[in-house]
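Dear colleague,

I am passing on the structure we spoke about, so that you have the sequence and the coordinates side by side. Please look through it when you have a moment, and then read my notes below.

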Amino acid sequence: MTRVAAIDCGTNSIRLLVADADPATGELTDLDRRMTIVRLGQGVDRTGRLAPEALERTFAACREYAEVVKEHGVERLRFVATSASRDAENREDFVRGVVDILGVEPEVISGDQEAEFSFTGATKELTGRDHLDKPYLVVDIGGGSTEFVVGDDHVRAARSVDVGCVRMTERHLVRDGAVTDPPEPEQVAAMRADIAAALDLAERTVPLREARTLVGLAGSVTTVSAIAQELPAYDSVAIHHSRISRDRVREITEWLLRSTHAERAAVPSLHPGRVDVIAAGALVLLSIMERTGAEEVVVSEHDILDGIAWSVA
């Protein structure tokens, strides 16, 4: 057994997993798993730079995580940074801050590497389940980008495209510095067109329609599952490997797109940091299901974070 820690720093959130990994059995035993909304990607699509206040929120979370890593006596730590820090002009400020706090340099990985980690994390425990047909299509809907991976036991094709819940919200649903409440039909139409163009781009590399099982990862997908199940609070156990039909995803997405901020904030399972961006994230999921013809999505709580942990183990 090796005690490992994995940190995934995305556009919207930063997450930590501390686990004992046993490569011989393929088991990953969680010791601590947590998430903090930091909005590192705040304004990056518009300015090309990481905002000072976004960096400080991220560094505050890093200081908290450093204490957890120390308490658990972690042997190996890997810190992976994704879309926002990959795009920013001042990403060196981010790198220096992380090194000072955690003692490791964040690896600003490519979209293809993101896809590989996501696929491993999502599918390692699905192998051998006869009721889930292969190949899998794993979609990881992040804040700034979405990763598409098709594979059986191994990755066959992967692509990352620049559509995510934060990027789509900032690009299409913000007017005069605030999220439209609720969005106008022309804003939704423009967002749909942007997502469709991204799916066209993904299909040049990844045979999306060949997949037999759609596996959905990350906060937008897990939140849609929580809403679909009408959970009184966010419940990872209830969400992990839940199945949500396309009709139910459509129903939820349409409600989110016509709801007000107050109505969304009243949903007990919806994290406050996702209230303004969940409608865009749900629309990305629905668009993928419509494009591929998937009748349902299998929701996984295990994703890129688990893939990172396995890579270091």
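Val138 stands opposite Val149 in β7, in a model that, please bear in mind, is predicted. The two strands concerned, β6 (residues 136-141) and β7 (residues 146-151), pair in the antiparallel sense, and six bridges join them.

Helix α12, which spans residues 278-292, packs on the sheet and touches β6, β7, β11 (213-217), β12 and β13, with its direction making about 160° with that of β6. A further helix, α10 (residues 246-258), lies across β12 and β13 (296-299) and runs at about 75° to β12.

As for the sheet itself, it is open and has six strands, which follow one another in the order β8-β7-β6-β11-β13-β12 with mixed pairing. At its edges are β8 (155-161) and β12 (243-245), each of which pairs on one side only, and from one strand to the next the twist averages 25°.

Is Thr223 buried or exposed? Its relative accessibility is 2%, and because the cut-off for buried is under 20%, Thr223 counts as buried. The side chain of Thr223 reaches the backbone oxygen of Gly219 at 2.7 Å, and, if neighbours within four places in sequence are left aside, Thr223 is in contact with Leu270, Arg274 and Ile278. Between Thr223 and Asp235, which are 12 residues apart in sequence, the C-alpha to C-alpha distance is 10.0 Å.

Technical notes:
Residues are numbered from 1 along each chain as its sequence is written. This is a predicted model: local features need pLDDT of at least 70, side-chain atom pairs count only at pLDDT 80 or more; totals for chains, interfaces and linings use all residues. Side-chain values use heavy atoms; hydrogens and water are left out. Two strands pair if DSSP finds at least two bridges between them. Helices (H or I, at least four residues) and strands (E, at least two) are DSSP runs, numbered from the N terminus. Axes are lines fitted to C-alpha atoms, for helices over the stretch in contact, and angles run from 0 to 180 degrees between N-to-C directions. Contact means heavy atoms within 4.5 Å. Buried means under 20% relative accessible area, exposed over 50%, partly exposed in between (1.4 Å probe, protein chains only). A polar contact is a pair of N or O atoms within 3.5 Å; within protein, one must be able to donate a hydrogen and the other to accept it, and residues adjacent in sequence count only if both atoms are side-chain atoms.
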